[in-house]
Amino acid sequence: MMRKRGKFRLLDQIARVSETLRRPEFVAFMPAITLAGFWWGGERVLIATALGLPMVYALLGAVRMAPATAVTDGRDGLTGLELRDSFVAMLDASLLRTDGRVTNSACLVLRLDEADRIAERHGHAARNEMLRRTAERLAGALRESDRLARLDGASFAVALAPSRRADLESMVQLSARLQDAVAAPISLDGTRVFVTASVGYALSGRVAARTGALLLEAAETAADDALRNGPGAIRSYAPETHRTQSDRSAFRSVIETALDTGQIVAHFQPQLCTDTGAVSGFEALARWQHPTRGILPPSEFITELEAAGLSERLGEVMLFQALSALSRWDSEGLDVPLVGINFSREELRNPRLVDKLKWELDRFAIVPERIAVEVLETVVADADNDTIVRNIAALAELGCGIDLDDFGTGHASITNIRRFTVRRIKIDRSFVTHVDQDREQQAIVSAILSMAERLGLDTLAEGVETPAEHAMLAQLGCGHVQGFGLARPMPLDDTFDWMRRHGAALAPAPQFGQRMG
């Protein structure tokens with residue numbers, strides 16, 4: 001161990017000398033040193049100096065990139081950075097120079113948030129160019145004593161030189177600075193792409209053992225947690241993070257099984273026209289038929305499902321069941337104009353979303369006009385992502401109706417409403433509750449409905465709980481309503497009897513009363 005420690009210290013001292021000699025102010029003196037050699041020793045010294053100095057400079061440069069490790073090979077062919085094994089050796093050497101009390105070290109891991117989507121949209125050559133540019137920007141934002149490496153995929157690691165200022169606050173500041181360094185747009189195929197990075201970091205004093213492998217593993221665990229909460233999240237490693245990740249891994253296995261075995265099913269909640277009372281559509285809502293806990297609403301599993309990266313898989317299941325429902329209603333002779341399907345931010349980021357939807361519509365022989373794509377107002381209000389913008393526009397052009405969900409909870413401007421060809425706004429339940437009693441609520445809903453009318457938009461109020469709320473919304477001019485007061489979400493098989501009973505209730509009563517002769 002002492003021999004290994006001495007070897008690391010020797011290499012570190014050599015690296016420090018190399019860094020000093022490679023500074024620009026020393027490089028500027030190279031012609032002067034060559035000329036001085038001619039003055040002191042004539043042509044032979046001139047030639048030796050002119051040939052020798054560049055060779056020495058190059059050798060010192062080879063040492064510079066690995067200051068405290070015996071690993072000098074194994075660089076990434078794309079970025080020229082160190083790879084995992086040599087980076088772990090760097091961390092080992094750095095930890096040997098810290099005492100954990102006065103000085104401390106740290107490791108940061110940056111994961112680019114949308115590298116795979118950029119590859120899907122622009123190709124792998126564009127992705128590689130993004131990685132090269134990102135590596136250059138990160139290197140420029142670090143100190144000379146810090147070390148940068150390329151990990152698997154679109155991930156980078158930073159080893160900080162031992163410092164007295166390595167604490168949680170300084171790590172957050174450094175993480176934000178590195179995020180800013182990569183945030184400037186990159187031009188790919190003539191399109192400006194904005195790169196964001198999720199960052200996880202670990203301080204050497206917080207890992208179970210002071211080894212480079214454990215420190216890197218801790219930083220990667222924190223980075224995975226940041227990536228799940230991103231884009232652009234920053235997370236610190238704590239011992240309980242490992243347990244949280246294990247719980248998520250176990251949940252992912254369970255929810256994947258549920259999706260594959262049909263435990264996740266669509267329940268359908270009817271939407272009624274306030275003018276006629278007829279069914280104007282259904283909204284498809286996910287329910288988990290848990291084998292031991294019974295039927296679970298989305299609030300019991302959707303957050304964990306999204307954290308596990310399964311939003312798109314859920315979307316595929318819900319789309320299939322919604323289209324199957326339309327086919328069955330048609331075969332039973334029931335008039336259901338459309339079905340609403342919630343599209344998550346992750347689904348809308350998929351460049352192939354529209355093609356997938358077209359294929360499914362053709363498969364079921366359903367026209368696009370019978371699909372209402374429900375998009376959260378917060379997604380529309382923050383639609384800087386080019387893929388989201390193009391997908392929503394393409395869905396509208398295809399013929400699907402765009403429903404702006406939870407209207408009033410975000411900050412979607414009128415410009416964005418027109419930009420995305422929104423067909424209908426869904427008034428959030430927070431404005432609907434007690435609308436029959438609260439004059440302020442009535443004024444807000446009336447203003448929303450007036451705006452919608454002027455913009456030529458249809459309207460639907462969510463969360464209608466009582467007949468009085470229903471009546472007030474109809475009086476104010478809301479086009480459609482849905483909520484527990486009308487009907488709860490129900491399995492597909494239950495919708496047939498419900499629709500027949502509802503239709504019978506709307507039918508005019510038979511006229512009796514012929515006069516007796």
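This is a predicted model: local features need pLDDT of at least 70, side-chain atom pairs count only at pLDDT 80 or more; totals for chains, interfaces and linings use all residues.

1. On the helix 4 side, the contact involves Arg-84, Phe-87, Val-88, Leu-91, Asp-92 and Leu-95. On the helix 8 side, these residues meet Gly-212, Ala-213, Leu-215, Leu-216 and Glu-220.

2. Between helix 4 and helix 8, seven residues are nonpolar, one is polar and three are charged.

3. The geometry of the pair may be considered next. Helix 4 covers residues 84–96 and helix 8 covers residues 212–228; their axes come within 7 Å and cross at roughly 110°. Because angles of 65 to 115 degrees count as roughly perpendicular, helix 4 is described as roughly perpendicular to helix 8. The crossing of helix 4 with helix 8 is right-handed.

4. A second pair is formed by helix 6, residues 124–141, and helix 7, residues 168–183. The axes of these two helices come within 9 Å, and the crossing angle is roughly 140°. Helix 6 is therefore oblique to helix 7. The crossing of helix 6 and helix 7 is likewise right-handed.

5. Which residues make the contact between helix 6 and helix 7? Helix 6 contributes Thr-134, Arg-137, Leu-138 and Ala-141, while helix 7 contributes Arg-177, Leu-178, Ala-181 and Val-182. Sorted by class, the contact of helix 6 with helix 7 holds five nonpolar residues, one polar residue and two charged residues.

Technical notes. Residues are numbered from 1 along each chain as its sequence is written. Side-chain values use heavy atoms; hydrogens and water are left out. Axes are lines fitted to C-alpha atoms, for helices over the stretch in contact, and angles run from 0 to 180 degrees between N-to-C directions. Helices (H or I, at least four residues) and strands (E, at least two) are DSSP runs, numbered from the N terminus. Angles under 35 degrees count as roughly parallel, over 145 as roughly antiparallel, 65 to 115 as roughly perpendicular and the rest as oblique. A crossing is left-handed if the near helix is turned anticlockwise from the far one by less than a right angle, and right-handed if clockwise. Contact means heavy atoms within 4.5 Å. Ala, Val, Leu, Ile, Met, Phe, Trp, Tyr, Cys and Pro count as nonpolar, Asp, Glu, Lys and Arg as charged, and the others, Gly among them, as polar.
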